[in-house]
Structures are given as structure tokens and as C-alpha cells.
Amino acid sequence: FLKIIFVRQEKAKRLAEQVFNEQKTTKSAKKQKNAIITVLNNLSKVFYKLFFFLNWFFKSVKPVTAKKIETQLALIGNPFNWEPVDFIKLRYFCAFFFFFMILLVAIGNQNPLYYVFSVLIGVAGFYYPQLYIEGMNQLRRQKIGQALPDAMDFISLCLAAGMNFQLAVDEYVKRNQNLLADEFSLFHNEVQVGISRIEAFQHMLDRNDAPGLRGFLSSVIQSERLGTPLRPVISNQAVELRGKRKQSIEKSIASAPVKMLFPDR
């Protein structure tokens with residue numbers, strides 16, 4: 001019975017798409033969560049609930065520090081919905097957790113070197129969440145850089161076909177599911193609510209630190225201010241980015257024989 005209902009619903013959905021020419025909207029890229037950070041984050045919440053008096057030490061955060069942390073978290077999509085205070089508390093918890101775990105090993109051994117290791121591992125634990133964010137930002141820059149040349153080609157073709165830039169971006173968002181499409185979706189939404197394109201481009205520039213995307217956005221903002229056509233700018237940027245990607249691939253191919261000498265086991 002449920003199968004019959006499901007089949008009928010699918011037929012009705014396909015018919016509606018044919019009649020009304022409905023287009024499926026793509027979902028935004030999923031936020032990836034690191035398993036180790038997830039466990040440490042959960043343990044941190046339990047720890048600060050048990051020792052609630054420690055929260056007093058994290059009542060106030062300097063505005064400059066909070067702004068810097070918010071910017072870094074926003075770049076990776078903030079998968080754990082951290083506030084700046086939460087991230088600082090996690091860093092101190094990681095330092096204590098790694099220090100305490102190695103200290104337990106040191107107590108059961110006669111070698112005093114383990115105590116030195118416990119301090120070093122504790123310091124490493126303090127910086128581990130920050131390294132996680134920097135690694136995620138590096139991965140984000142890489143993914144956006146890989147998707148950018150194809151996006152520029154697509155938008156350039158749409159402009160050549162008679163679309164304006166706004167429709168071209170909208171078409172790219174509908175047909176793609178990646179981080180760059182998410183950024184263009186935010187740009188599209190800001191323009192829809194009345195923000196000027198220059199301001200929306202500037203917001204997009206502030207949110208991202210990928211070199212290729214920043215170069216493209218800087219060129220587009222300058223073109224918007226001067227009133228020059230966007231299509232030549234986008235086409236030139238696509239050619240330049242594609243050339244850089246080709247050089248990167250050739251560099252990786254050249255270094256492949258050296259890496260093959262030491263295969264991972």
C-alpha cells in the first residue's frame with residue numbers, strides 16, 4: 001500500500017515538473033565534521049557543566065579576538081555552531097585533556113621524560129583546534145579554486161547568450177552543488193533584498209580568502225565601479241585561472257615519480 005502511494009507521488013511530481021517546468025533546487029554543501037573534534041567538543045561541554053565555576057574565566061573576550069575567531073569560523077561554515085567563547089573554552093579543554101592523558105602514563109612509569117612529553121602534548125592540544133580550522137580553510141580554498149574556472153566559463157557563456165549577470169549566477173547556483181555555488185547563492189540573496197551588487201561583491205570578498213576568487217572579485221568590483229562590461233573581465237579571468245590550474249596539475253605530475261618512490265603502507 002505504501003509502495004503504491006509512493007509511486008503515485010513520484011508520478012505526480014514528474015507531471016508537475018513537466019507542466020510547470022519546475023526546477024529542482026540544489027542543497028548547499030554539507031558541513032563536514034571532524035570525528036576527533038566532535039568527540040572533544042562533546043567532552044568539553046560535559047567538562048564545563050561538571051566544573052561550571054571554570055566558566056567564570058571565559059566571561060569576557062576581547063572584541064578584536066572575538067572578531068578574528070568569528071571570521072575564521074565563518075570561512076569554514078562553523079560546522080559546530082561555535083561562539084568565540086566556545087572555541088576558546090575548547091582550546092583550553094584540549095590542552096588539559098591531552099596533558100592529563102599523558103600524565104596518567106607518566107605516573108605509571110619511572111622515566112621522568114614522560115612528564116616533559118605531557119607538557120609538550122598539552123601545548124599541542126591547545127593548538128589542535130586552531131590547526132583544524134586552518135586545515136579546513138585550506139581545503140575550502142582548494143575546492144573553491146578548483147570550481148572557479150568552470151564557473152567563470154559557465155557565467156561567460158550565459159552572458160554571451162543574452163542573460164544578465166544576476167540570471168547567470170542564478171543558473172549556476174541551480175545547476176551546481178559546491179562551496180562556490182553556496183557563495184554565489186548568498187550573493188544572489190543579498191542582491192534580492194536590495195543590497196547593491198558592489199556591496200554584495202564586497203561582502204563576498206570579505207568572507208573568502210581564496211586567492212583566485214579574491215582576484216576575480218576585485219576585478220569585477222573595479223569593472224562595476226567603472227561601468228565596463230563584465231563578460232570580457234570574466235572571460236579573461238577564466239583563461240587566467242585555467243592556466244594556473246594547468247600549471248598546478250603539471251607540477252603535481254612532475255612530482256609524482258618522487259612520491260611513488262615512498263609508497264604509503
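**View 1. Glu171, a buried residue in helix α6.** At 15% relative accessibility, Glu171 counts as buried, where buried means under 20% relative accessible area, exposed over 50% and partly exposed in between, using a 1.4 Å probe and protein chains only. You'll find Glu171 in helix α6, residues 165-175; helices (H or I, at least four residues) and strands (E, at least two) are DSSP runs, numbered from the N terminus. Set aside its neighbours within four places in sequence, and Glu171 is in contact with Phe154 and Met163 (contact means heavy atoms within 4.5 Å). A word on the model: it is predicted, so local features need pLDDT of at least 70 and side-chain atom pairs count only at pLDDT 80 or more, while totals for chains, interfaces and linings use all residues. Residues are numbered from 1 along each chain as its sequence is written, and side-chain values use heavy atoms, with hydrogens and water left out.

View 2. Side chains of opposite charge can pair when their charged atoms come close. Here a salt bridge is a side-chain nitrogen of Lys or Arg within 4 Å of a carboxyl oxygen of Asp or Glu. Arg175 and Glu171 meet this way, at 3.1 Å from N to O. Arg175 is exposed, at 56% relative accessible area, whereas Glu171 is buried. Asp170 pairs with Lys174, their closest N and O atoms being 3.7 Å apart. Lys174 is partly exposed, at 31%.

**View 3. Glu190 and Arg207, a salt bridge between two helices.** The closest N and O atoms of Glu190 and Arg207 are 3.6 Å apart. This pair links distant parts of the chain, 17 residues apart: Glu190 is in helix α7 (residues 179-192) and Arg207 in helix α8 (residues 197-207). Glu190 is buried at 17%, and Arg207 is partly exposed at 23%. Both belong to a salt-bridge network that also links Arg140 and Glu183. Across the whole structure, a search finds six salt bridges.

**View 4. A nonpolar patch on the surface.** Phe96, Phe100, Met101, Leu104, Ile107 and Tyr115 make up this patch, with about 580 Å² of accessible area together. Patches are made of residues with over 30% relative accessible area and no salt bridge, joining like charges within 9 Å and nonpolar side chains (Val, Leu, Ile, Met, Phe, Trp, Tyr) within 5 Å. Accessible areas come from the Shrake-Rupley method with a 1.4 Å probe, and for residues only the protein chains shown count as cover. Helix α4 (residues 84-107) gives the largest share, five residues. Phe100 is in helix α4 and is partly exposed, at 37%.
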